[in-house]
Amino acid sequence: VRTGATSKVPAGSVREGTADGGRPRRAVRIAVYAFLVAIVLCGALEIEAWPLSAFRLFSTVRTGTQVRWELAAVDDAGLETPADVAAMGRGFRQSVHLLPTLAAASAAEQDQACEDWLEADRGARRMHVYRSVYVAEQPGAPSVLQSRAQQFVCERP
Amino acid sequence: VTGVARRVDAWLFADGPAGRLAALRAGLAVILLLRIATWPFVELAGAPPSLFRPPLLLAWAQGMPPAPVLAALQVAGVGGAVVAVAGSWRGWRGTAAGLRVGWFALLVLGGFKTSTGKILHNDVLLLLVAFPAVLASARARIGDRRPGSGFGWPVRVGLTVLSLVYLLSGVQKLRHSGLAWVFSDNMRWILHDAIGSGMAPTTAVATALMGSALLSTLASLGLLAFELVIPVALVWRRARLAMAFGAVTLHSLTWLTLGLDYWAWSLVAALVLGLSGWPRPGSPPARPAG
């Protein structure tokens, strides 16, 4: 890195495609337009291609009925509690969002994920994955469990 | 159509002062620096391959990289951002390269962060708005008033990207929910869920909004209107500072009510709208500043 270089930048008119502030090269302009089109296309076609996104931020209307995917840990005494994925580490914190995908995945994939959760939570003997539906009568009222369907289970060998 | 395209091209690649590009680089580099330095990316290293879902950009990765690799990326990113900040003040030749290193580091680190189960948008606006500045190679220094297309387009394209992102967020709400997004209990239920999650620093604001159908409807209307109207800033320069204030207010309220960490969006919006909305400097001097 060289300092004090600004004083050597030529004054007056600027040249095409140079570092002196001239009109950018054709390749750069094509890249700019391709980038803008990609942003619009990802939105229109709902493509998630990091860092491009469909930007579906809170786009679905919320109601009093809420579907939650839940990961529950069962200890040696048979006590079932919500799995503490935050305590498992940063790499596990968002894994609850994978539950719908894992529920539809092969048994081998489910077993591998379970094995990793159990490895991270040494106090758990089994893991249960549920799809639960909670209902609240009005905003601010407590959400009540309406139904719960077990999706898959795994146990420490 | 050709006439419109020509006018769009002329607007995007119009002249701008060199100092504004330098300020954009410095501002973006500061935000990159904060995003890279303040999140414990190294802690991602324990993520198991079974729970690793990389985006397309990182599809080559077999799993989360080990901690030393994440740490090296973090150090490189911080170093690049520091060079970009200092270089923007001093007019260093390596300024653009420093910004590229910082941007690339966050692109990869953020990609790994979003590989753990949920698409995280916290860094998306920064990465997208910074892309034109990353592409730009023109040398510039803060305070330099030389005009040139090479100095002007990164700011204008960044402003366009910013507007597109907010517009798309608004359009998706209308597309998937219609006007019910505003004129239903939608916002009250969002706040209900947020209060239950316990993520916000306080429940007072969310509780107050949720308790009033009128206030929550006005909040929804204000939010959606902001997202849909922000492209006005592209053609109406005077609106830009007001839009910057609107963006900061929106994301501050999002944090207060939902506990979502969108401060980088606030800073990016304030930077780009503020820089492009600031009154034009006087006539350029005959000689370059500095």
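User: How many salt bridges does the rule find across the interface of chain B and chain A?

Analyst: This is a predicted model. The rule finds 5 salt bridges across the interface of chain B and chain A.

User: What makes the pair Asp9(B) and Arg23(A) a salt bridge?

Analyst: Their side chains meet at 2.6 Å, N to O. The rule asks for a side-chain nitrogen of Lys or Arg within 4 Å of a carboxyl oxygen of Asp or Glu, so the pair qualifies.

User: Which element gives the largest share of the side of chain B that touches chain A?

Analyst: H6(B) does, with 16 residues. The residues of this side of chain B divide into 43 nonpolar, 22 polar and 15 charged. In total, 80 residues of chain B are in contact with 67 residues of chain A. The two chains bury about 6400 Å² between them, 66% of it on carbon and sulfur atoms. There are also 24 residue pairs in polar contact across the interface, counting pairs with both residues at pLDDT 80 or more.

User: Which residues touch the most other members of the largest nonpolar core?

Analyst: That core has 89 residues, and the ones with the most such contacts are Phe112(B), Val161(B), Leu162(B), Tyr166(B) and Leu273(B). Another core lies apart from the largest one and has 19 residues, among them Val85(A), Met88(A), Cys114(A) and Leu118(A). In soluble globular proteins, nonpolar side chains tend to be buried together.

User: Why is Phe55(A) called buried?

Analyst: Its relative accessible area is 0%. Buried means under 20%, so Phe55(A) is buried.

User: Why does Phe58(A) count as partly exposed?

Analyst: Phe58(A) has 30% relative accessibility. That value falls between the cut-offs of 20% and 50%, so Phe58(A) is partly exposed.

User: What is the phi of Phe55(A), and where is this residue found?

Analyst: Phi of Phe55(A) is near 55°, a positive value in a residue other than glycine. Phe55(A) is in the loop between H1 and S1 of chain A. Phe58(A) also has a positive phi, about 55°, and is found in the loop between H1 and S1 of chain A. Most residues other than glycine have a negative phi.

User: What kind of peptide bond joins Trp50(A) and Pro51(A)?

Analyst: The bond is cis, with omega about 0°. Pro51(A) lies in the loop between helix H1 (26–45) and strand S1 (65–74) of chain A. Most peptide bonds are trans.

How values were computed: Residues are numbered from 1 along each chain as its sequence is written. Chains are lettered from A and ligands numbered from 1 in the order in which they are written. This is a predicted model: local features need pLDDT of at least 70, side-chain atom pairs count only at pLDDT 80 or more; totals for chains, interfaces and linings use all residues. Side-chain values use heavy atoms; hydrogens and water are left out. Contact means heavy atoms within 4.5 Å. Buried area is the accessible area (1.4 Å probe) that two parts lose on being put together, summed over both. A polar contact is a pair of N or O atoms within 3.5 Å; within protein, one must be able to donate a hydrogen and the other to accept it, and residues adjacent in sequence count only if both atoms are side-chain atoms. Helices (H or I, at least four residues) and strands (E, at least two) are DSSP runs, numbered from the N terminus. Ala, Val, Leu, Ile, Met, Phe, Trp, Tyr, Cys and Pro count as nonpolar, Asp, Glu, Lys and Arg as charged, and the others, Gly among them, as polar. A nonpolar core is a set of buried Ala, Val, Leu, Ile, Met, Phe, Trp, Tyr and Cys residues joined through side-chain atoms within 4.5 Å. Buried means under 20% relative accessible area, exposed over 50%, partly exposed in between (1.4 Å probe, protein chains only).
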